[in-house]
Amino acid sequence: MKTINDFNFKDKKAVIRVDFNVPLDENFNVTDTNRIEAAKPTIDKILADGGSVILMSHLGRPKGKQDQYSLSHIVKTTSEILGVPVQFASDCRGEVAKNAAANLKSGEVLLLENLRFYAEEEAGDVEFSKELASLGDIYVNDAFGTAHRAHASTTIIAQFFPEKKCFGLLLAKEIESLNRVLNNSVKPVTAVLGGSKVSSKITVIENILDKIDHMIIGGGMTFTFIKALGGKIGDSICEDDKMELALEILHKAKEKNVHIHIPVDVVAANSFSNDAKTQIVDVREIPDGWQGLDAGPKSLENFKEVIMNSKTILWNGPLGVFEMENFAHGTITLGEQIAEATRNGAFSLVGGGDSVSAVKQFGLEEKMSYVSTGGGAMLEMLEGRILPGIAAIID
């Protein structure tokens, strides 16, 4: 696995695919700078070598050229984070991009305009990829969040750099962290899978059953399992057409000696609202008109025992509707348990949009071994797929 540490960038122009798809407020200020900060170590290493950097990214889902999706809005913030002035090319192809790249000197940084202003980016167009490739000497992919897409700048471009392509430090760390969970884990290994739907996690569950010792199931998925086992779930969310599958998962887990842990009690509410009346009930006895919105205290005690005895922990998906303060306790408590296990020497990997949002929201990010930057990409790797953006560098 070649990374930027295998190259000296002195007097070289590095074309780097970054994921600067950051949120902006109504005045176009960046409201979350994590993705830009995550790319900084890669950019720093190239500049320190005496190279120059050409940054490529998308922003949002524009339909053609739309000013609100222009990467010009993030130039100031990017300059502040990198500690060097960032030049901006008002196009990512044609004479504008070519001239800006040609005039770039060692130690300088250039940001190209939004790649998705051209349909050729998402189509994986070869000519468009070739144009992007012509701007630099070495191709670096540091965008895990888009590594599962076979787009021009994430995958197709790599063919124009047969010997001069590599992973950035962020993408390399993502791959190493996932490998550490999936292929080189220290046992016991526990996977915590939450979120609302079994259907979105089926392939993940099937792929990781051979690699784990314990699986904690939480969130809305709980009720599909409980109903399948004959429990009463009131008005809780449930995928009736996936109940047979839930029983199949339990059967497979038993065959593979994987211990499944499902909540035994829940915080039930009489409506889907932060102001709803609540009561703690047995997960198999939720009254009609009530719905489970968070894991209950007994469940959290049970989970704690599993987490504290784990050496490797994967967390994907919350235990409840953490966006509502009154149903966030389960997710926060689980996060604190994983943080404590990490402090005691376990390796913890957190990934998937909602889990990442939760650890950031509750100040737990620094207490985890690694927090992934790519939701969809991480899920596909957990499903056992080879991501096109990764395959393109390894080939």
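**Figure 1. Salt bridges in the predicted model.** The count of salt bridges in the protein comes to 17. The structure is a predicted model. Side chains of opposite charge can pair when their charged atoms come close.

**Figure 2. Aspartate 49 and lysine 45 in helix H1.** The closest N and O atoms of aspartate 49 and lysine 45 are 2.6 Å apart, and the two residues form a salt bridge. Both belong to helix H1, which covers residues 34-49. Because aspartate 49 and lysine 45 are four residues apart in this helix, about one helical turn separates them. An α-helix has 3.6 residues a turn, so residues three or four places apart point the same way. Lysine 45 has a relative accessible area of 19%, which is under the 20% cut-off, so lysine 45 counts as buried.

**Figure 3. Glutamate 80 and lysine 76 in helix H2.** A salt bridge joins glutamate 80 to lysine 76, with 3.1 Å between the closest N and O atoms. The two residues lie four places apart in helix H2 (residues 75-82), about one turn of the helix.

**Figure 4. Aspartate 282 and arginine 284.** The side chains of aspartate 282 and arginine 284 meet in a salt bridge, at 2.8 Å from N to O. Aspartate 282 has a relative accessible area of 28% and is therefore partly exposed.

**Figure 5. A salt-bridge network of three residues.** Salt bridges link Arg93, Glu120 and Glu131 in a network.

**Figure 6. Surroundings of histidine 214.** Histidine 214 lies in strand E8, which covers residues 214-217. Its relative accessibility is 19%, so histidine 214 counts as buried. Which residues does histidine 214 touch, not counting those up to four places away in sequence? They are Pro188, Val189, Thr190, Ala191, Val258, His259, His261 and Val306.

**Figure 7. Helix H8 and the glycine that follows.** Helix H8 covers residues 221-228 and is mostly covered, as seven of its eight residues are buried. These buried residues are Met221, Thr222, Phe223, Thr224, Phe225, Ile226 and Ala228. Glycine 230 follows H8 and has a positive phi, near 95 degrees.

**Figure 8. The whole chain, for orientation.** Of the 395 residues, 55% count as buried. The accessible surface comes to about 16,800 Å², and carbon and sulfur atoms account for 47% of this area. Among contacts between residues at least 6 apart in sequence, 73% join residues at least 24 apart.

Key: Residues are numbered from 1 along each chain as its sequence is written. This is a predicted model: local features need pLDDT of at least 70, side-chain atom pairs count only at pLDDT 80 or more; totals for chains, interfaces and linings use all residues. Side-chain values use heavy atoms; hydrogens and water are left out. Buried means under 20% relative accessible area, exposed over 50%, partly exposed in between (1.4 Å probe, protein chains only). Contact means heavy atoms within 4.5 Å. Accessible areas come from the Shrake-Rupley method with a 1.4 Å probe; for residues, only the protein chains shown count as cover. A salt bridge is a side-chain nitrogen of Lys or Arg within 4 Å of a carboxyl oxygen of Asp or Glu.
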